Amino acid sequence: MGQVGDDLILIGALASRAGVSRRTVDFYTGLGLLTPVRRSGGNFRLYRPSDVQRIEAVRRLEAQGIRLDEITHLLMDPEAEDHTRCGDGSDRPCPADPVALKAYLITLDTQVKALGDLPEGVDHQTRGVLTSLVARAQTLIATAEVMTLVDGSTELGVRFPGAPGHERDPHAVVAVDLGVVNRRVKALARAQSDDIHRRLEGEGVRVVRGRGRLDGPHRVVVDGPDGAVGGLAGFDADTVLVAVGAHPRVLPDALPDGERILSWTQLYDLDALPERLVVVGSGVTGAEFASAYDALGADVVLVSSRDRVLPGEDPDAADVIEGVFRRRGMEVLSRSRAQAVTRVGDGVVVTLADGRTVEGSHCLMAVGSIPNTAAVGLSEAGVSLSESGHVQVDRVSRTTARGVYAAGDCTGVLALASVAAMQGRIAMWHSLGDAVAPLDLRTVSATVFTAPEIATVGWNAAQIDAGEVRARTVKLPLATNARAKMQGIHDGFVKLFCGARSAEILGGVVVAPRASELIFPVTLAVAHRLTVDDVAQAFTVYPSLTGSIAEAARRLHASG
Ligand SMILES: Cc1cc2nc3c(=O)[nH]c(=O)nc-3n(C[C@H](O)[C@H](O)[C@H](O)COP(=O)(O)OP(=O)(O)OC[C@H]3O[C@@H](n4cnc5c(N)ncnc54)[C@H](O)[C@@H]3O)c2cc1C
């Protein structure tokens with residue numbers, strides 16, 4: 001091992017140990033499964049010195065325990081017969097473009113899979129060698145994916161050693177340019193907003209800028225630049241939809257100043273990464289920002305008033321996230337209620353209810369939100385508000401005032417963009433007299449965007465423990481999943497709940513990278529009342545993380 005070309009030697013050795021003949025090896029070669037790679041004499045270079053991103057990819061791969069000789073093979077252009085093609089006249093090997101490499105590996109994998117029914121004359125020991133080739137190809141694909149990601153990361157504000165500004169620092173590590181990140185965030189948000197604006201106007205909707213309030217249930221008054229005389233404009237309406245959202249809650253002794261003490265809306269104005277960020281609040285918003293800033297390289301302290309982070313989430317999922325946070329070096333202060341935050345010089349001091357203090361360069365307050373329902377004329381128009389100030393709505397978004405509907409965070413139903421949009425659609429369909437299915441929160445999927453992510457749908461563990469529904473549960477750690485192993489995923493699980501008798505899938509939890517994408521099959525199962533057998537009998541790709549969802553369904557079938 002250790003030289004280019006060992007792949008062929010290794011497989012040759014495996015083949016002979018397995019009693020596979022030279023003819024079979026020729027057969028693989030003919031299929032393109034084995035590619036003879038020429039040995040390169042002397043000290044060839046692994047990468048172009050100017051290609052700092054690829055250097056960083058190699059360093060990262062080594063840090064993940066992937067051997068340099070494997071990387072060497074990875075970086076070789078597998079289809080290049082002549083490795084002098086790098087264009088610089090040297091006889092060093094030509095590093096493969098990660099995208100091309102990935103495409104090659106996918107082709108190779110497809111070829112292997114196409115051999116499901118092996119041609120005559122190929123024995124089952126051969127199949128063993130081929131299976132190991134699938135694993136090898138997939139493992140390489142995982143590596144290629146990392147390289148592809150690294151290749152595109154400059155645009156996202158990631159800076160590598162050797163990049164402009166880092167050339168002379170031999171100890172430079174991968175860093176983030178927060179100014180670039182935040183400018184990109186705001187530009188994307190603005191572009192999205194402009195797109196929607198244009199589309200609305202294209203559909204014939206008149207957009208009026210200004211602050212609106214109800215003047216009775218059938219009239220809206222707008223105060224703003226587009227108003228008529230004195231900036232005021234009034235609009236009569238048969239139907240009014242109130243969608244005023246919510247704003248960050250503030251504590252009287254921890255008022256955001258926009259510089260060091262920040263709400264989540266102010267965080268995007270930062271130009272440089274906080275040295276030490278104290279996040280107050282470990283709900284979804286606090287946990288997501290703590291996870292993100294920790295990954296960006298800030299020293300993060302998470303102040304949580306509860307026993308564990310993410311108290312509203314599946315307890316097993318919250319345990320995984322808290323474990324990951326602590327393992328990465330984040331300081332998590334449990335059962336610690338923040339009472340006051342003061343600015344001291346260039347930093348902040350957070351005082352806890354028990355008198356302890358926590359110092360930081362910045363503090364993010366993430367202690368909930370308040371609906372924007374004050375001074376909007378709602379009560380006067382006959383719209384009932386709850387004690388928390390949320391608009392009371394039924395499942396078709398009607399308020400207590402005829403003709404007035406409400407949607408989104410101001411209703412306090414479920415603070416998700418997808419739910420806000422659905423409430424709005426339902427309101428409009430209902431007001432136009434369409435047949436409409438009332439909002440069904442059981443089929444809403446949601447994600448906590450930590451790393452790894454937590455995605456959930458349907459009934460949850462707390463409801464099952466409280467006896468609200470009789471259900472069976474299976475939890476499979478991802479550590480046993482082949483794709484997870486290849487991708488170096490160590491944390492996470494798939495959990496499914498099914499009806500104790502009906503065996504219908506009632507809900508599920510996925511904790512994994514991109515769990516937000518993986519939850520969809522479970523959502524489909526919940527929405528269409530599929531049984532564990534329906535899910536267990538469906539094919540999943542091998543290897544894949546979704547394989548664990550089908551496997552969990554098979555375990556539920558077996559335990560039924
Ligand atoms: C940090 C964070 C991350 C989130 N991430 C996600 C996520 O990943 N996925 C997800 O599904 N949800 C997410 N959410 C929740 C999501 O943003 C909200 O559920 C969604 O935006 C609610 O939409 P809305 O229309 O009710 O309110 P908003 O999006 O807040 O819109 C309300 C609008 O009304 C305007 N307004 C208020 N009062 C008036 C008035 N009197 N006159 C005129 N205009 C007024 C406000 O300025 C605002 O523009 C996140 C929330 C936060 C805080």
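## A β-hairpin

In this predicted model, strands β18 and β19 form a hairpin, with four residues lying between them. The pairing of β18 (residues 445–448) with β19 (residues 453–458) is antiparallel and runs over four bridges. Within this pairing, Thr447 stands opposite Ala455 of β19.

## The nonpolar cores

The largest nonpolar core comprises 70 residues. Val278, Val279, Val280, Leu302, Cys363, Leu496 and Ile505 have the most contacts inside this core. Strand β22 (residues 505–512) contributes the largest share, namely six residues. Because domain 2 (248–369) and domain 3 (443–559) both give residues to this core, the core lies between them.

The surroundings of Val280 illustrate the packing in residue terms. When residues up to four places away in sequence are not counted, Val280 touches Val303, Ala338, Val350, Cys363, Leu364, Met365, Ala366 and Val367.

## The shell around the ligand

Which residues come nearest to the ligand? They are Val244, Gly245, Gly408, Ala417 and Ala420, out of 18 residues around the ligand.

Two elements, β3 (211–214) and α10 (417–431), each supply at least two residues of this shell. The largest share comes from α10, which provides three residues. By residue class, the shell around the ligand divides into ten nonpolar, six polar and two charged residues.

Technical notes: Residues are numbered from 1 along each chain as its sequence is written. This is a predicted model: local features need pLDDT of at least 70, side-chain atom pairs count only at pLDDT 80 or more; totals for chains, interfaces and linings use all residues. A nonpolar core is a set of buried Ala, Val, Leu, Ile, Met, Phe, Trp, Tyr and Cys residues joined through C-beta atoms within 7 Å. A residue is buried if 20 or more other C-beta atoms lie within 10 Å of its own, exposed if 12 or fewer, and partly exposed in between; C-beta atoms are placed from the backbone. Domain bounds come from an automatic or database domain assignment. Two residues are in contact if their C-beta atoms, placed from the backbone, lie within 7 Å. Two strands pair if DSSP finds at least two bridges between them. A residue is near a molecule or strand if its C-beta atom, placed from the backbone, lies within 6 Å of it. Ala, Val, Leu, Ile, Met, Phe, Trp, Tyr, Cys and Pro count as nonpolar, Asp, Glu, Lys and Arg as charged, and the others, Gly among them, as polar.
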